[in-house]
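Please read them with the structure open.

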Amino acid sequence: MNPMISVLAEGLTPALIALGGLLLLLPLIDRESQWRAVPIVIVIVLTLRYLMWRATMTIPSASEPADFVAGWLFFALECAAAIGSILSYITLTRIKDRSPEADANTEWLLSREKAPLIDVFICTYNEERDILERTMLGAIGISYPNFRVWVLDDGRRAWLAELATELKCNYLSRPDHANAKAGNINHALRHVCGLDTPPDFVSILDADFVPTSAFLSRALTLFRDEDVGIVQTPQHFINPDPIQANLQASDAWPDEQRYFFDVLMPAKDAWGTAFCCGTSSVIRMQALAEVGGFATESVTEDYLLTLRLKRHGYRTVYLNERLSLGLAPEGIKEYITQRSRWCLGFMQIIRGADGPFKLGNGLHFLDRMSLIESLLHWTASYLFRIAGLVIPILYLLFDVQAVNVGTADGIAHFVPYYLAQVGVMAWLSGQRVLPVMSDVSQLLAAREILTAAAIGLFRPKGQRFKVTAKGGDRSETVIQWRMLIPFSVLLCLTILGILVSFGGDGPLQDSSVVALYWCWYNMLILISTIAVCIERPRLRRNERLRSALPVIVTIGARSHVYQTADISLGGMRLVGMVHAPIGTEVGVQIGGARLNGRIVRSSGHDFAVEVERSIGARAAMVRQVYSGGFVSSVGRVRPRQVAGKVLARLFR
């Protein structure tokens, strides 16, 4: 038998046993039950086994100082990242679904003599008119009996004040921009508290998040317990994020935030560590008054608010229902700006009075562990991802051997741990976390994230709130050279290392084989990341949602019933043939609204209708598109389909 095949067979035996066991076990377990902890325990055991092997068998000897230092630094990063991963897995052993609780409390809410007054705050700084208009139209269309809508304009724009008047929204601006978003909200809180009728609750909406009509009534059901200070709902997006769009995988791969909002936040809620994420939340006014409004010491004022409220006995709970729909960052720069702000704000919390290492600040043990888990995510996991690219390059080009491992031994210990981790996380997340895709999303922002982490830890005060830009022209291909060049350099160095080390005809050393496999994986990640840095044009101004809704189309005196294939704010695509030329004026009745439009495209099996752009028509379309009844994201992830989409993008 070929020696290499013999080595692979010897090393893969434990991995195949572990994989076979998981394949037999996972289909037998209900992912929502308490038995979900069983595969998680298996992963944790295999992780600890792997780390023990790394510590005792793979660290280079001190007789080679460069190898020894590099080996221990890399192992320290790997340990820190693994500890963060273990804490995440422990969190995922529980899950909480509050929809049944909301259903049960609906009668309680409806039976109240008077509906509590809610002030809905739309926070805005520099967003476009179209974005703000649809958010305002959605907000005034909420089906709750007692609420007011306030546009908090930190840009002091005259046209926005006029639009607010036209749409019958209240308008507020302030003379300065002190403390950014938190300062804007606090200014509004002082104003509404001084009114003859102050609110019982406030709701926060970012400028691009359009609420469904049921948003307030569903969220308010969870305030039956007086110690509930915040009800947070998830963020869903109408458009693909940059990773989906630039890899052309938006119809196969969900947006990057789906794991956090659909999997991790319900688990955190089960442990009592869910936190406010700003937009799409409802907050008890009494609780806000007790803590003095939104904290301004961090640019992530929402998370800090949760910690402050906990010290006053108030909980944050999470209702995992799609009750609003917003815009994901449309470009790589905006994506990274958003993530960097989250990281910076979190580090400011770590350094502040509410951090996990400040004794006597009123935080519970679980809150401290949750903060430490997030700290390791923002620091160790990103550092380890970068180190994972650099270590094989150091070995192949400079003969720095940070990991002293043979092929069979490495496969026998690493592969079972890796396959179990990948398989169980994919099972827990409904395939929302997959190798390569998750690595790309992490690597893409690694440099800026680590910079923000360092600034937040060592210079936390005086940092500006950077707004995530939304809207703008996306019709041209844009190459993000500042991000693409470092990834290209790493790719070239990896390829050079392979050519230098494996270009001869001699037999491969055992440790070199491990480095070669490692480099192949790194090359796939780097090529995918480079592809994301080449931003594809987005020609569609209004994103389409998949739907199947009956629509009555009237042409002249005749009416026909069709079914929608998809819908956007500008119109809809209908299934069936229409016996009228392009440009024909039609009447459209959809969901009780009667609109005017015209046929703009027609084929043998479907046709498209563009809807008039009057304010009444836009209001009707906003309520239809953002009703929550249409599909905007990938329901079921199929790994092979994702792989096919990505490979097609890379080689086309």
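1. In this predicted model, R482 is exposed, its relative accessible area being 62%. The side chain of R482 meets that of E448 in a salt bridge, with N and O 3.1 Å apart, and E448, at 15% relative accessibility, counts as buried. The two residues belong to distant parts of the chain, since R482 lies in helix α18 (residues 481-502) and E448 in helix α17 (residues 446-458), 34 residues apart.

2. In total, the structure holds 31 salt bridges.

3. Another pair to inspect is R218 with D103, a salt bridge in which the closest N and O atoms are 2.9 Å apart. This pair links distant parts of the chain, with R218 in helix α8 (residues 215-220) and D103 in helix α4 (residues 99-110), 115 residues apart. R218 is buried, at a relative accessible area of 17%, whereas D103 is partly exposed, at 46%.

4. A helix and a strand are connected by the salt bridge between D206 and K181, whose closest N and O atoms are 2.7 Å apart; D206 sits in strand β4 (residues 201-206) and K181 in helix α7 (residues 180-193), distant parts of the chain 25 residues apart. K181 counts as buried at 15% relative accessibility, while D206 has a relative accessible area of 22% and is therefore partly exposed, because the buried class requires under 20%.

Technical notes:
Residues are numbered from 1 along each chain as its sequence is written. This is a predicted model: local features need pLDDT of at least 70, side-chain atom pairs count only at pLDDT 80 or more; totals for chains, interfaces and linings use all residues. Side-chain values use heavy atoms; hydrogens and water are left out. A salt bridge is a side-chain nitrogen of Lys or Arg within 4 Å of a carboxyl oxygen of Asp or Glu. Helices (H or I, at least four residues) and strands (E, at least two) are DSSP runs, numbered from the N terminus. Buried means under 20% relative accessible area, exposed over 50%, partly exposed in between (1.4 Å probe, protein chains only).
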